[in-house]
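Here is a short briefing on one residue, the element that holds it and the chain around it.

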Amino acid sequence: MASSAQESAPARKLTKEERAEQRKKKIGPPIRYPFWFGGSASSMAACVTHPLDLSDAPKSMSGTFVHIVKTDGPLALYSGISASLLRQLTYSTVRFGVYEEIKSRYTKAGREPTFPVLTAMAMTSGFLGGIAGNFADVLNVRMQHDAALPVNERRNYKHAIDGMARMAREEGALSWFRGWLPNSSRAAVMTAGQLATYDTFKRLLIDYTPLGDTLTTHFSASFLAGLAAATATSPIDVIKTRVMSSTQKQGILRIVGDIYKTDGLRWMFKGWVPSFLRLGPHTICTFVFLEMHRKTYRKVKGLDEKNL
């Protein structure tokens, strides 16, 4: 009878500490990975998704591809790839590296970061990364859009280094920091939407599903992180586009008010689909490549095989 009663009793809900201990058994103890892993993984992702950045809307994406290939050849789909890689090697190296360093120090003190804490870490890291990679971001935008411009309006930078030199010579070195504050603010929100949500979704999948630290978990968590990042940055992108396209000098609050009168709360998500079509695949590729970096590192270092 006692045995039967024990079998029919509902399973006890695990405490937060017990779930953390269970996660450690699944993925092993925390490991300090090299600072540059995030930049390397993001650069590899950029090589895969770079052509998606050539179009601003899904309805024109295929048309843009066909036009560029017909006009300039298939290699033009990778126009500006050197600036894109330079951006990832600066911006993403800093934001991933700083985020992991802060998180490592926090967990070393015996504390498990909550989602708000992870968000604060990610926003700080993203802001610093935005400053570090601002010059490369300006170059990246210019070089990507060059192929879509009329021939007489193209800047024709040979590569990222040539672009940096010409910007400094023709516009002054301060041109490297053009738009650094809004760019870094967006990078802070973007990084929170990607890194903090990825770690949280990964933790939830490992805690509450039998998946463990597997490719399926990495893909699922990165897909959800891409959704979160596209949603978080959508209002910023709408405002940025309206500011850049406006012929009058208006304050941000005035612009938001005008958009709200026209579209209501829907204004916050105008352009969400094309944003996710660019950001989603890049986020997925970045985290999948990052986890591959980590797995290879553990293997090379001869760490416990069950942690892989």
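Isoleucine 284 lies in helix H12, which covers residues 272-300; helices (H or I, at least four residues) and strands (E, at least two) are DSSP runs numbered from the N terminus. The model is predicted, so local features need pLDDT of at least 70 and side-chain atom pairs count only at pLDDT 80 or more, while totals for chains, interfaces and linings use all residues. Residues are numbered from 1 along each chain as its sequence is written, and side-chain values use heavy atoms, with hydrogens and water left out.

**Surroundings of isoleucine 284**
- Isoleucine 284 has a relative accessible area of 14% and is therefore buried (under 20%; exposed is over 50%, partly exposed in between; 1.4 Å probe, protein chains only).
- Leaving aside residues up to four places away in sequence, isoleucine 284 touches Phe219, Ser222 and Phe223 (contact: heavy atoms within 4.5 Å).

**Helix H12**
- H12 has 29 residues and should span 42 Å at 1.5 Å a residue, which agrees with the 41 Å between its end C-alpha atoms (expected span: 1.5 Å times one less than the number of residues).

**The protein chain**
- The protein chain contains 12 helices and 0 strands.
- Of its 308 residues, 44% count as buried.
- Among contacts in the protein chain with a separation of 6 or more, 77% come from residues 24 or more positions apart.
- Carbon and sulfur atoms hold 64% of the accessible surface of the protein chain, about 17000 Å² in total (Shrake-Rupley method, 1.4 Å probe; for residues, only the protein chains shown count as cover).
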